[in-house]
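Dear colleague,

Please find the structure below, followed by notes on what was found in it.

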Amino acid sequence: MSLLKEPDLGTPAKAGPATVSLEVDGLPVTVPEGTSVMRAAALSGVEIPKLCATDNLEPFGSCRLCLVEIDGRKGTPASCTTPVAEGMKVHTQTSRLEKLRQGVMELYISDHPLDCLTCAANGDCELQDMSGAVGLRQVRYGYEGENHLDQPKDTSNPYFDFDPSKCIACSRCVRACGEVQGTFALTIEGRGFESKVSAGAGELFMDSECVSCGACVQACPTATLEERTVVDLGMPSRSVLTTCAYCGVGCSFKAELRGDELVRMVPYKDGGANEGHSCVKGRFAFGYATHPDRVLSPMVRESIDDEWREVDWDTAIGYVAEKMREVQARHGVGAIGGITSSRCTDEEVYVVQKMVRAAFGNNNVDTCARVCHSPTGYGLKQTFGTSAGTQDFRSVAKADVIVVIGANPTDAHPVFASRMKRRLREGAQLIVIDPRRIDLVRSPHVEAAHHLRLAPGTNVAVVNAFAHVIVTEGLADRSFVDERCEEYDEWAAFIAGPENSPEATEEISGVPAAQLRAAARLYASAGNAAIYYGLGVTEHSQGSTMVIGMANLAMATGNIGRDGVGVNPLRGQNNVQGSCDMGSFPHELPGYRHIADDAVRSVFEDVWGRELLAEPGLRIPNMFDAAIDGSFRALFVQGEDIAQSDPNTKHVTAALRAMDLVVVQDLFINETARFAHVFLPGTSFLEKDGTFINAERRINRVRPVMAPKTGKHEWEIVCEIAQAMGYPMEYSHPREIMAEIAALTPTFAGVSFEKLDELGSVQWPCNDNAPEGTPIMHVDGFVRGKGRFVPTPFVPTRERSTRRFPLILTTGRILSQYNVGAQTRRTGNVAWHPEDVLEIHPHDAEVRGIADGDRVTLSSRVGETSLHAVLSDRMPVGVVYTTFHHPVTGANVVTTENSDWATNCPEYKVTAVQVGLKTAGAAVDHAEQAVPVLAD
Ligand code: SF4
Ligand code: SF4
Ligand code: SF4
Ligand code: FES
């Protein structure tokens with residue numbers, strides 16, 4: 001499509017049943033009460049000139065360009081700040097208004113560089129447009145007066161420039177940073193002619209609080225804030241609507257191109273997840289897709305000690321098929337398997353699990369979600385009946401109390417965090433349950449009512465204490481429970497036990513009993529209370545128990561089935577939800593239906609034309625064990641670096657070494673590829689055609705911005721391997737794969753590319769009962785019928801601090817980097833996070849003689865690495881923290897084999913460690929064998 005410019009109606013929409021009718025330039029229009037005259041005019045088809053107004057920001061009324069005349073009213077009010085009134089007659093084009101607007105524009109232009117023809121924003125500048133719109137023909141004041149034309153540029157940000165000589169002091173950037181992003185990094189300093197935009201206290205953008213979300217750049221009507229790529233490459237000329245491939249928020253973007261070159265990613269206003277907002281990753285960090293490190297040709301080698309040999313696609317595919325068949329002939333049908341990736345599209349994931357089940361003839365398929373949100377799937381299915389979060393993101397705007405558990409949304413899910421912060425600024429109360437003082441605990445205009453700094457590994461004790469207070473103090477919503485749930489009495493008897501009291505929990509978790517009681521009462525007494533959680537919940541030995549505990553809590557208080565409530569996993573990677581939905585687990589077919597269910601299996605057998613095994617296959621850890629035992633010999637790994645991401649590195653690499661065939665499909669030669677025999681180059685999100693599903697079950701289209709640089713789509717490669725193995729699997733387009741998914745999966749029955757193109761996105765379930773999708777789940781009843789209470793006894797992790805390892809290590813992520821950093825480390829984002837560091841409380845550092853910036857050793861009972869220390873009172877005493885974005889960090893060298901009892905999700909969040917000052921030669925730097933901890 002040509003360059004897509006979304007309409008800007010000037011001021012935000014107003015909701016509400018009451019409407020007002022008026023006339024604009026003789027045209028009748030009816031709008032919701034509270035709508036501005038400017039928006040009403042736009043809706044009637046009349047565009048009023050404007051500069052300081054834009055429809056994602058509250059009106060400000062500073063530029064005086066949008067003046068109108070209204071019958072019966074004196075003067076010329078600003079239409080952006082004037083609300084409509086019944087029977088109003090508005091005039092937008094009079095000679096008086098024309099003169100006034102031209103006068104305003106003359107003032108602006110007299111203090112503006114006259115370089116339109118060479119300006120990067122030429123053709124995409126509202127100042128230029130408005131000059132034309134008001135009919136500016138002359139500048140009576142001349143250009144010689146006092147001006148701002150010699151203001152120095154700020155080029156400190158890697159992605160955008162700030163050129164104050166072009167600033168018209170409209171304050172859109174300042175308001176975008178506050179209202180949309182919630183960072184409040186910008187201010188207007190000075191008054192009148194002296195007014196100027198300032199990042200922080202007169203700092204450079206890079207030295208300020210700016211998190212480079214791009215909202216100010218988006219809002220700026222001039223070239224003052226401009227993407228560097230637009231300056232370098234020129235103004236784009238066409239757009240492709242697609243979806244960010246980083247985190248589970250799933251933001252929609254306009255990929256804007258000039259010819260075949262991607263110039264910029266602009267957040268899409270109609271994107272259901274992001275509504276026009278973005279973070280630094282999706283907005284700017286796309287350069288990895290064209291990074292020279294990418295491998296573009298298939299490669300094969302007989303042994304992992306051989307050099308790689310570039311081959312053509314037919315050779316590579318034939319080699320994989322032949323070797324897979326050979327392994328099966330020698331070691332049995334179950335000796336091979338595959339792992340799917342949460343970074344790939346639904347269609348790409350679907351064909352891999354189909355290849356494993358139908359072409360390989362077994363159920364040895366698992367997903368990288370095993371190591372992140374598998375407990376979410378288990379826990380929510382046990383209690384609610386389906387493995388997905390309950391709400392859409394929009395719902396947070398109706399929450400009165402928000403509980404954030406084991407998640408750091410401002411870093412890991414930034415666009416959702418901005419929505420959440422907006423609601424908190426409006427007055428919702430916040431409870432943060434996290435050992436670390438994350439930014440949300442206290443940030444501009446946001447302060448948590450309670451920060452429960454629990455000891456790592458004690459989530460279940462804390463959630464039980466909440467429930468204990470609710471049950472024993474009579475705060476449960478008995479009418480909801482009686483009508484909608486089952487097995488409450490057994491659960492209530494368990495939870496009322498003294499071992500679950502806040503007083504008993506204080507000893508376990510370190511959270512004062514009084515604070516536990518107060519927070520539980522706040523949650524229970526809210527009109528609407530919502531829980532949002534992350535990997536700090538799931539990556540524990542009791543990850544599944546904790547998910548169940550939160551579901552119990554929500555049911556007990558009736559916080560399920562409407563806006564503003566619910567239990568919501570914040571998924572890590574872009575398509576964690578989709579990869580799970582697509583049948584990637586060894587025991588489940590697409591739509592979370594058990595492989596042992598004869599009726600379900602026969603539906604797939606009919607369409608796939610193959611008999612399927614009824615027994616679940618191997619989970620990832622079982623595959624590794626079986627590889628070391630010699631019974632599992634060949635593995636297809638789709639877009640996931642298991643040698644970096646899975647725990648117990650030595651075990652993983654030993655398993656990979658033991659196999660006869662390891663096939664890696666990825667963008668870059670990664671750690672796993674060191675043990676591979678075949679490397680199949682994958683496609684970046686800019687080349688993919690398909691769908692991702694975000695944390696709110698929203699199915700978004702991923703549209704190709706460019707042809708596959710490798711010459712083949714990933715789904716085609718998988719189909720060709722299956723065919724070469726003798727199983728016919730053919731599609732001419734990914735829409736056909738989605739059609740098959742829809743035909744076989746009741747929750748996707750109404751999904752098609754055509755519908756997604758028409759509606760933009762849909763949230764599953766999408767079928768005859770909900771043709772346009774389901775924003776909120778469990779509204780009239782739970783998916784499983786009645787919501788089920790399940791007792792959640794607290795069982796301490798086996799991982800304890802000891803005299804030798806007295807500290808607890810926990811891990812997380814940082815805004816600018818993503819996962820193991822394979823993508824973001826190949827972008828300008830390294831400017832913010834060149835290395836992982838160890839955060840340690842000043843007290844813990846002092847007793848070890850560690851100063852800020854010292855290189856320290858980090859050791860556990862299984863391994864040791866080293867990194868630089870940062871002293872931080874964000875940490876509680878006794879707990880240290882690191883991120884996992886750089887392979888050299890080697891955090892996985894120290895993590896242990898403990899895992900969730902139900903799903904084997906590794907316990908990345910609790911490792912007993914010791915930290916010491918690194919002396920020369922005292923510790924190994926893991927540059928070679930380092931393997932960072934993966935969250936999802
Ligand atoms: S990029 Fe985002 S955080 Fe930075 S100043 Fe602009 S709006 Fe604020
Ligand atoms: S930088 Fe742009 S948005 Fe900000 S005040 Fe100047 S012209 Fe307006
Ligand atoms: S919040 Fe997530 S999905 Fe949205 S732009 Fe950032 S990384 Fe992409
Ligand atoms: S657009 Fe209304 S005063 Fe600027």
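The shell around ligand 2 in this predicted model consists of nine nonpolar, three polar and one charged residues; here Ala, Val, Leu, Ile, Met, Phe, Trp, Tyr, Cys and Pro count as nonpolar, Asp, Glu, Lys and Arg as charged, and the others, Gly among them, as polar. Of these 13 residues, C167, C170, S171, C173 and C220 come nearest to the ligand, a residue being near if one of its heavy atoms lies within 4 Å.

Helix α2 (residues 95-110) and helix α3 (residues 126-133) have axes that come within 10 Å and cross at roughly 140°. This angle makes α2 oblique to α3, the term for angles that are not under 35 degrees (roughly parallel), over 145 (roughly antiparallel) or 65 to 115 (roughly perpendicular). M105, Y108 and I109 of α2 meet L127, M130 and S131 of α3, where contact means heavy atoms within 4.5 Å. The residues of this contact are five nonpolar, one polar and no charged.

I508 belongs to helix α16 (residues 502-509). I508 counts as partly exposed because its relative accessibility is 34%, between buried (under 20%) and exposed (over 50%), with a 1.4 Å probe and protein chains only. Leaving aside residues up to four places away in sequence, I508 touches A455, T458, A461 and F794. The C-alpha atoms of I508 and F794 are 10.0 Å apart, although 286 residues separate the two along the chain.

Residues are numbered from 1 along each chain as its sequence is written, and chains are lettered from A and ligands numbered from 1 in the order in which they are written. Local features need pLDDT of at least 70 and side-chain atom pairs count only at pLDDT 80 or more, while totals for chains, interfaces and linings use all residues; side-chain values use heavy atoms, without hydrogens and water.

Yours sincerely

Conventions:
Axes are lines fitted to C-alpha atoms, for helices over the stretch in contact, and angles run from 0 to 180 degrees between N-to-C directions. Helices (H or I, at least four residues) and strands (E, at least two) are DSSP runs, numbered from the N terminus.
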